Amino acid sequence: MRIGELARATGVSVRLLRYYEEQGLLLAGRTPGGQRVYDDGAPRAVRRIRALLDAGLPTRVIREVLDCVCGGEAEVEPCLTPVLVEQLQGIEERIARLEGSRASLTRLLTTTS
């Protein structure tokens, strides 16, 4: 499957597919002319990558854990639990900071109105 076909099959742009390859998330073979060629499992791999990105994981973490993804797009092996818990804690900390910022801005706005 060529890159354009993979893009159409997954709804992911050609540019993003190239980025996933650069980040070591997606493997592509090459034709003698240098064009990217993907195997039949590539659409599933792209859907897995998208599911992990949608969960807030950075590409560096996805690269480390992609082999622990099994079954469907978002089913993971138990080996991923510590990594996912750590990522969730990081997200919760960022949310707490943002809530603090929102509260501060709200106070500022109430005092200036």
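User: What are we working from here?
Analyst: It's a predicted model, so local features need pLDDT of at least 70 and side-chain atom pairs count only at pLDDT 80 or more, while totals for chains, interfaces and linings use all residues. Residues are numbered from 1 along each chain as its sequence is written, and side-chain values use heavy atoms, with hydrogens and water left out.

User: Ok, back to Arg50. What does it form a salt bridge with?
Analyst: Asp54, with the closest N and O atoms 3.8 Å apart. A salt bridge here is a side-chain nitrogen of Lys or Arg within 4 Å of a carboxyl oxygen of Asp or Glu. Both residues lie in helix H3 (residues 42-54), four residues apart, or about one turn of the helix. Helices (H or I, at least four residues) and strands (E, at least two) are DSSP runs, numbered from the N terminus.

User: And is Asp54 buried or exposed?
Analyst: Asp54 counts as exposed, at 61% relative accessibility.

User: How many salt bridges are there by that rule?
Analyst: Three. Glu21, Arg30 and Arg36 are linked in a network of them. Glu21 meets Arg30 at 3.7 Å, N to O, and it meets Arg36 at 2.5 Å, N to O.

User: Why does the Arg36 and Glu21 pair tie parts together?
Analyst: Arg36 lies in strand E2 and Glu21 in helix H2 (residues 14-22), so the pair joins parts that are 15 residues apart in sequence. As for the general idea, side chains of opposite charge can pair when their charged atoms come close.

User: What else is Arg36 in contact with?
Analyst: Leaving aside neighbours within four places in sequence, the list includes Met1, Arg2, Ile3, Arg18, Ala28, Gly29 and Arg30. Contact means heavy atoms within 4.5 Å. Strand E2 itself is residues 36-37.

User: How far apart in space are Arg36 and Glu77?
Analyst: They're 30 Å apart, C-alpha to C-alpha, and 41 residues apart in sequence.

User: New topic: where is Thr31?
Analyst: Thr31 is in the loop between strand E1 (29-30) and E2. At 18% relative accessibility, Thr31 counts as buried. Beyond its neighbours within four places in sequence, it is in contact with Arg2 and Val37. Thr31 and Arg2 are 29 residues apart in sequence and 9.6 Å apart in space, C-alpha to C-alpha.

User: How far is Ala45 from Thr106?
Analyst: Their C-alpha atoms are separated by 43 Å, and they're 61 residues apart along the chain. Thr106 is in helix H5 (residues 81-112) and is partly exposed, with a relative accessible area of 43%.

User: Last one: where does Glu93 lie?
Analyst: Also in helix H5. Glu93 counts as partly exposed at 47% relative accessibility, and its C-alpha is 32 Å from that of Ser13, 80 residues apart in sequence.

Key:
Buried means under 20% relative accessible area, exposed over 50%, partly exposed in between (1.4 Å probe, protein chains only).
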